[in-house]
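Here's a set of questions and answers for a first look at how two chains meet. Keep the structure open while you read.

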Amino acid sequence: MSRREHRVLGWLFTSPYLLYSLVFFLIPLCWAMYLAFSDWNLISPVYNMVGLGNFKKALENPGVRSAFWVTYKFMAFFVPIVVTGSLLVSLLVNSLPRYKSLFLVGYFLPYLASGVATSLVVKGVLSYNSPLNEWLRGSWNLTIDWLGSPVSALLIVAVIIAWKFIGYYSLILTSGLESIPTEVYEAAAIDGVTGWSRFWRITLPMLYPALFTVLILSAGVTFGIFTEVYILTKGGPDNATNTWQMEIFTQAFSKLDAGYGSAIAILASVVTFASIYVIRKLMEKWGDRYGWE
Amino acid sequence: MVGNRKRWHNPVLYTLASITLLIMIYPYLHMVMHSLAVWDQVDRNFFPTKFTLRSYQWLLLGAEDVQPRPWLRAFLNSMFVTISSTLLMMLTAVLAGYALSKFVFKGKKAVNNVILFQMFFPSIILLIPSFLIVKQLGLYDTYWGMILPKSVSLWAIFMYTNFFKVIPNDLIEAAKLDGASEFHILFRIVLPMSRSITTIVFLFLFMERWVELLWDMLIVKGQQHLTLNVLLAQMFGPYGAYPGPMYAASVILTVPIILLFLACSKYFKEGIQFALK
């Protein structure tokens, strides 16, 4: 094939992607920047440029502030749960002599669930007259307003999403465990390294690349929570589960404040990008200690 | 000695693994049990003892005081939107992936870099203006409004690019000597060799599109283009007054994806190995 053919076909085959990127990436990106400085309300034909007004308003707004903190609180619940959970599951699966992949496929099933459906199930299980709550009332004289108190509402959302991702992440970790050569364990056994210290000093450092992937992926999930919160709490109680997406949705599409919503979206993007960057750097530092590049 | 220890270990490990499995799939079991339970046992009995199809009947036919909702229509809408969107994402990814792995052209590196940049870009910033563009294009409350903005997957392009790189160039050259066109080579030779990766990509894209709520909620206005997720959220989201039908609707939403997954699970194991590398 001639160089010309390579060039023509190369651009031809990538053109659907490029066209898409123009219409649904580049133009929206510029438009978002522009909107963020205006007070457009999605409807009226006239609007003003308000400079940094939207950003100032956003920084002073309790909803935006809550979105900022809720994300990190959520991360503090979600990441430890999902990482420990998937690590335990993958260690368990890896120690099975047979039927490994059968169990892995089974554990993966929650990943298929729609957030709407699982949230509705959770809603049913936690409803006032559910067997769980009847039992708590009857045996312990406890009445818990699961979705009505800030900490438990956020924890419940974190658990639902962790349940969804554990099977997926344990696939990643299991393939990491499988790639650790048995010679390493044999050498360690000769030196008398077994049990807990074997886990901390050999398995965990050797598993670092897979753990890195899982940690970055799970931290990324934190910044995109919407469905579960929308169905279960609508961001409440008292903004305790008000994620970035929920806040943007409320401002731009319920209150029709598109300019202000865009400003929040830009803030959210900057915060997301910076957070993931810092987490990456911290993880890499940790990896350096183990001698990973 | 070691053998003895292992023999003692195994039943414990399998019991633990099975209990974990039960916990992982319990929400599905709960959903199915309670969708079939008689109404005064829904959410009241941990394990319902009497069963009925009333919840499904209520959903599909309505009741005296409740209009039937367009469930069948929403189901077909969801299917149509998900399948079209997924196939488009696969097509654009296969084409771009092939170009980026097998063609040599100026600017290829730049395209690769742009893809990487987009992959790490927080897409939340695009939500509002993408909605406005769809509106400008006259696609508000249409199927295309739900399909086109989700017609490219960067992850899928990335996967196919890496997979095609492994396919030997000699094979392609040989086919070319026989007079095969590039399209023929891609769709008749290269793609059939990529069955495991195609299964994984299809499955993940289908799944992600099937459970999408936010975008569809923004685009759909009337009853005509409702998707299943949106209908469910509208009906049971804020004030779920009918728990039985709520479970039945969740089952209807979940079953297709589980069936698809189980049908693909043979290739899933092969493909996931590559996807996780």
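Q: Is Phe204(B) buried or exposed?
A: In this predicted model, local features need pLDDT of at least 70, side-chain atom pairs count only at pLDDT 80 or more, and totals for chains, interfaces and linings use all residues. Side-chain values use heavy atoms, leaving out hydrogens and water, while residues are numbered from 1 along each chain as its sequence is written, and chains are lettered from A and ligands numbered from 1 in the order in which they are written. Buried means under 20% relative accessible area, exposed over 50%, and partly exposed in between (1.4 Å probe, protein chains only). Phe204(B) has 5% relative accessibility, so this residue counts as buried.

Q: How do the rings of Phe108(A) and Phe204(B) sit: stacked, tilted or edge-to-face?
A: Rings of Phe, Tyr and Trp (its six-membered ring) pair if their centres lie within 6.5 Å; planes under 30 degrees apart are stacked, over 60 edge-to-face, and the rest tilted. Here the centres are 5.9 Å apart and the planes are at 50°, so the pair of Phe108(A) and Phe204(B) is tilted.

Q: Which helices do Phe108(A) and Phe204(B) lie in?
A: Helices here are DSSP runs (H or I, at least four residues), and strands are too (E, at least two), numbered from the N terminus. The pair joins two chains, because Phe108(A) is in α4 of chain A and Phe204(B) is in α10 (residues 195-210) of chain B. So the names you want are α4 of chain A and α10 of chain B.

Q: What is the angle between the planes of Phe108(A) and Phe268(B)?
A: Phe268(B) sits in helix α13 (residues 243-275) of chain B and Phe108(A) in α4 of chain A, so this pair joins two chains as well. Phe108(A), at 0% relative accessibility, counts as buried, and so does Phe268(B), at 2%. Their rings form a tilted pair, 4.9 Å centre to centre, and the angle between the planes is 45°.

Q: How many residues of chain B are in contact with chain A?
A: Contact means heavy atoms within 4.5 Å. On one side there are 82 residues of chain A, and on the other, the number for chain B is 87.

Q: How many salt bridges are there between chain A and chain B?
A: A salt bridge needs a side-chain nitrogen of Lys or Arg within 4 Å of a carboxyl oxygen of Asp or Glu. Between chain A and chain B, the count is zero.
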